[in-house]
Amino acid sequence: MTTRTTARRLLDVAGTTYAAQADITLRNRPEPLYRLLVLSVLLSTRIKAEIAVAANRELAEFDTPERMLRATWQQRVDALGRGHYVRYDESTATALGQGAELLRDEYAGDPRNVRAEADGDADALRKSLRRIPKLGPVGADIFCREAQAVWPELRPYFDKKALTGAQRVGLPGGAEELAELVDEADLARLAAACVRVTLEKGTAERVTQPAATG
């Protein structure tokens with residue numbers, strides 16, 4: 001397969017973003033962006049992505065910092081528990097409250113104001129994101145990788161996990177080279193697919209092995 005064909009097959013096999021998996025219709029609006037921030041926090045810990053996604057769905061009713069703060073700590077713990085996010089439920093419930101407070105007090109509860117503060121500088125954006133409790137370097141990468149779907153200044157965004165997955169299926173190991181293989185609208189999907197190659201057993205084989213016929 002050519003690299004372009006491999007990229008297309010990778011999208012077909014694994015090109016679901018984590019936001020989409022969590023039932024987030026990502027737009028440049030406060031609610032979906034905040035839900036993506038919460039998802040990025042949940043995905044930052046050493047826990048299976050499926051569990052983080054399930055927990056994010058359970059927290060969907062708290063889709064703004066204000067609503068997250070109106071929820072009690074126990075309500076947040078219970079929602080995480082329903083998603084089987086039990087190993088880190090209490091500390092994460094606390095962190096979500098602290099992060100919501102930070103966004104409310106310093107960014108008027110709108111993640112787009114974090115973007116505005118960064119003024120197109122991805123490094124500055126990552127630095128601001130890392131102020132959110134439990135959203136370290138990994139979480140900032142997750143957020144930017146997914147947010148490139150609606151924030152063009154981040155494109156192309158392929159973090160270390162994505163680049164590792166790309167190379168595993170024979171694709172280039174650089175963000176700019178990868179960006180040449182798909183339409184701009186598919187960059188977030190391609191980045192997510194590359195991460196799934198890195199994290200999900202058997203995905204690389206499904207991409208590189210010929211499709212069964214007959």
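Mentor: Let us start with helix α10, whose buried residues are G139, A140, I142, F143, C144, R145, E146 and A147; buried means under 20% relative accessible area, exposed over 50%, and partly exposed in between, with a 1.4 Å probe and protein chains only. This is a predicted model, in which local features need pLDDT of at least 70 and side-chain atom pairs count only at pLDDT 80 or more, while totals for chains, interfaces and linings use all residues. Residues are numbered from 1 along each chain as its sequence is written, and side-chain values use heavy atoms, with hydrogens and water left out.

Helix α10 spans residues 137–147 and is mostly covered, eight of its 11 residues being buried; helices here are DSSP runs of H or I with at least four residues, strands are runs of E with at least two, and both are numbered from the N terminus. Among the elements that cover these buried residues are α2 (18–21), α3 (30–43), α9 (122–129) and α13 (187–199).

One of these, α3, also packs against α7 (89–107), at an angle of about 145° and with the axes 11 Å apart; the axes are lines fitted to C-alpha atoms over the stretch in contact, and angles run from 0 to 180 degrees between N-to-C directions. In this packing, Y34, L37, V38, V41 and L42 of α3 meet T92, L96, A100 and L103 of α7, where contact means heavy atoms within 4.5 Å. The residues of that contact divide into eight nonpolar, one polar and no charged; Ala, Val, Leu, Ile, Met, Phe, Trp, Tyr, Cys and Pro count as nonpolar, Asp, Glu, Lys and Arg as charged, and the others, Gly among them, as polar.

The two helices also take part in the lining of the largest cavity, to which α3 and α7 each supply at least two residues and α7 gives the most, with five. A cavity is a set of points, on a 1 Å grid over the protein atoms alone, where a 1.4 Å probe fits but cannot get out, and its lining residues have an atom within 4 Å of a point. The largest cavity has a volume of about 80 Å³, a volume being the space filled by probe spheres set on the points, which are joined across faces, edges and corners. Its lining consists of Y34, L37, V38, V41, A95, L96, G99, A100, L103, I132 and P133, and by class these are 10 nonpolar, one polar and no charged.

Key
1 Å grid on protein atoms, 1.4 Å probe; cavity = no way out; pocket = protein on both sides within 12 Å on 5 of 7 lines; lining within 4 Å.
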